[in-house]
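Hi everyone, thanks for coming. Let's look at the structure together, and then I'll walk you through a few places in it.

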Amino acid sequence: MIERDEEQASAQDPTDPRAEMLPPPVRRIRLDAQPTVALPPLTDAGVDADGRAPGASGLPARTARATPAGRERMTLKSLSVFYGDNEAVKQVSLAIREGEVLALIGPSGCGKTTLLRTLNRLTELTPSARRTGVIRIDGTDVDDIEVTTLRRRVSMVFQQPNPFPMSVFDNVAYALREQGAKRPKKKVLEPYVIEALRRAGLLDEVKDKLDHPALRLSGGQQQRLCIARALAAGPEVLLMDEPCSALDPKSTEVIEDLILELRQSLAVVIVTHNLQQAHRVGDNVAFMYLGDLVEYGPADQLFGNPVAERTRDYVRGAFG
Amino acid sequence: MDRTLIPPEAAGPLPPLRTPPRQDRKRRVNESISTWRWTDRIGYGLMWAAGLLVCAIGIGIVLYMMFRGLQYLRPSLLFSHPQAELDQSKTGGFLDPLLGTILLTVLGICLAVPLAVAAATWIVEYARPAWLARIVDSGIEIIAGTPDIVIALFGLVLFQQRIFGWMSFTAQGGAVFGRSFLTAGCMMSLIALPMVFASTREGLQAIPSHVREASYALGKTKAATIRRVLLPSVKANISTGAALGMGRIAGDTAIVVVLLGATLTLSPEGSVPGLRVLKGTGGTLTSYVYNNSPAGEGNAPQKAYAAAFVLLLIVVGLNFVVDLIARSSAKSGLETSRLGAR
């Protein structure tokens with residue numbers, strides 16, 4: 001928590017010495033400007049799979065998208081999150097649809113991770129955090145859902161691969177075992193564990209060593225195990241907080257392919273610092289800056305022909 | 001320092017600092033001790049000497065006790081009851097003190113581990129209200145810092161109260177004796193408690209917060225997270241602390257003398273099987289060594305050496321177990337930090 005606060009503080013302070021050490025060219029961003037929010041109407045953004053923006057011609061090819069955007073799973077209405085007096089997320093409204101990948105991009109400390117963690121109410125663990133605005137999942141306010149139930153529906157994968165110190169099987173089964181009730185037998189759980197591992201693309205690699213300690217797997221395998229664990233809970237929305245930033249390029253590629261496959265059955269929200277990655281996996285991209293949602297739209301449009309000036313500066317690498 | 005020495009900030013960039021160059025000795029490609037300054041060489045030598053001295057003392061103790069112990073240790077000593085006789089050849093072995101040591105150690109650690117683990121978990125995972133956490137923290141520090149003889153005296157006063165009458169011999173008038181394996185075990189747990197507490201807390205603090213959040217993000221409660229994820233992760237730390245604590249209990253004398261009676265044999269009390277022994281008094285290897293040393297009443301140094309050697313073996317064995325746990329958990333990839341013996 002403390003780390004994040006510092007991160008935010010430094011990102012918001014233009015006189016921070018670290019900010020001045022960034023490689024040139026550093027262009028001044030008009031911090032006092034009115035936020036140039038360029039929001040497409042919430043109802044039809046991303047639906048149009050064929051009508052990619054003409055400005056996208058210079059961009060590398062993306063994986064073909066055939067999925068039509070599904071129905072809206074989560075809706076954010078003027079969501080603000082505060083840490084103490086510091087407003088980390090400012091009045092953000094967004095929609096998260098089934099069958100799409102929403103990529104959140106922006107410089108460090110811009111509130112993307114906070115926004116992500118708010119979706120399954122993990123920010124509540126931070127004592128100083130406060131939230132206003134409405135988050136709905138399938139029309140129900142998340143505050144009205146019991147928090148453990150909500151987190152089963154909105155599961156999360158973290159930046160660092162963090163399998164629990166138990167066997168591969170138990171890691172996946174952990175999410176399945178209901179607390180309090182009688183613990184189901186291993187035989188009963190096995191098909192579900194196998195299915196989750198298969199969906200995470202890990203089954204072939206670990207099927208002979210389900211009893212091995214999970215911490216002996218490689219970093220990329222551990223991260224896919226964490227994805228399998230999150231999938232085992234049967235989520236409708238999968239949140240991913242920079243899932244590849246601790247991994248090598250090869251594992252990153254495997255996980256990106258996995259994300260594209262997963263989005264067919266659930267909604268994925270991914271936070272990433274890597275713009276190429278956001279472009280590769282994101283159907284829709286939201287650019288955040290200093291807590292504002294600056295621009296939200298289909299990936300090709302946001303990268304190829306951004307509307308807002310700040311987005312243009314960011315995707316061209318002018319700051320960040 | 002004189003403030004005027006500090007240059008005003010607007011003075012511009014400082015000139016490069018010039019220090020007089022050191023006498024250029026014979027330049028060598030590889031640094032070796034012969035290129036060092038003589039003060040550094042002396043310091044280095046002292047560090048070496050300190051390390052060697054500690055090593056030598058440790059090895060000296062073990063070797064001397066081994067020499068003496070093997071000289072006097074007979075298997076029969078381990079299996080015969082001690083007896084108070086004038087003739088040295090009839091005083092028997094130290095089976096009772098050996099059993100007493102094991103019993104007291106097990107009793108103490110069984111009480112200490114749950115208490116310490118629960119307290120450490122509360123301190124790391126909850127610690128609300130903060131003032132209470134601070135009090136608990138300093139409470140454990142106080143226990144860790146209290147000399148064992150003070151703990152023993154306090155225990156004696158405590159367990160001589162009427163309500164603790166079931167724990168030890170009670171005379172006909174209702175006077176509670178206060179000395180038994182139960183009472184000594186309770187106080188011994190205080191000796192081991194800070195070590196188990198510290199190692200458990202260290203282990204829990206070493207678990208990154210995103211591991212906890214990963215569990216919450218799967219829809220688990222805090223209680224389930226602690227039980228299924230956090231405590232299993234610190235198993236090695238708990239075992240390390242427990243092994244160190246057992247070593248301390250096995251080596252403690254003051255509590256044995258004051259609270260266990262330091263009798264030669266186990267003298268059961270009452271009629272309930274099992275509880276008889278726990279309610280009765282007894283002795284341990286430490287009290288046996290003390291009593292048989294020239295300072296004690298037995299004055300049979302040979303047997304003291306033999307018993308001391310056995311005690312040393314137990315403690316060294318426990319330390320070895322600590323090492324083993326630390327190494328095996330390092331192998332399995334669990335983060336754990338080795339807690340040095342206090």
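Let's start with a crossing in chain B: helix 3 (residues 95-126) and helix 6 (residues 181-206) of chain B cross in the right-handed sense. A crossing is called left-handed if the near helix is turned anticlockwise from the far one by less than a right angle, and right-handed if clockwise. Before I go on, please keep in mind that this is a predicted model, where local features need pLDDT of at least 70 and side-chain atom pairs count only at pLDDT 80 or more, while totals for chains, interfaces and linings use all residues. On bookkeeping, residues are numbered from 1 along each chain as its sequence is written, chains are lettered from A and ligands numbered from 1 in the order in which they are written, and side-chain values use heavy atoms, with hydrogens and water left out.

Two packed helices are described by the angle between their axes and the distance between the axes. For helix 3 and helix 6 of chain B, the angle is about 40° and the axes are 5 Å apart. That makes helix 3 of chain B oblique to helix 6 of chain B. The axes are lines fitted to C-alpha atoms, for helices over the stretch in contact, and angles run from 0 to 180 degrees between N-to-C directions. Under 35 degrees counts as roughly parallel, over 145 as roughly antiparallel, 65 to 115 as roughly perpendicular, and the rest as oblique.

Helix 6 of chain B also meets helix 4 (residues 130-145) of chain B, where the axes come within 8 Å and cross at roughly 130°. Helix 4 and helix 6 of chain B are therefore oblique to each other, and this crossing is left-handed.

How many helices and strands does chain B have? There are 13 helices and 0 strands; both are DSSP runs numbered from the N terminus, helices being H or I with at least four residues and strands E with at least two. The C-alpha atoms of chain B fill a box of roughly 90 × 60 × 45 Å along the principal axes. Buried residues make up 39% of its 342 residues, where buried means under 20% relative accessible area, exposed over 50%, and partly exposed in between (1.4 Å probe, protein chains only).

B:Ser328 is partly exposed, at 44% relative accessible area. B:Ser328 lies 92 residues from B:Ala236 in sequence, with 8.8 Å between their C-alpha atoms.

Now over to chain A. Is strand 3 (residues 101-105) of chain A enclosed or open? 5 of its 5 residues are buried, so strand 3 is largely enclosed by the rest of the structure. In a regular strand the side chains alternate between the two faces of the sheet. Here A:Val101, A:Ala103 and A:Ile105 are buried on one side, and A:Leu102 and A:Leu104 on the other.

Strand 3 of chain A pairs in the parallel sense with strand 8 (residues 267-271) over 4 bridges; pairing means that DSSP finds at least two bridges between the strands. In that pairing, A:Ala103 stands opposite A:Ile270. Strand 3 of chain A also pairs in the parallel sense with strand 9 (residues 284-289), over 4 bridges, and there A:Leu104 has A:Ala286 as its bridge partner.
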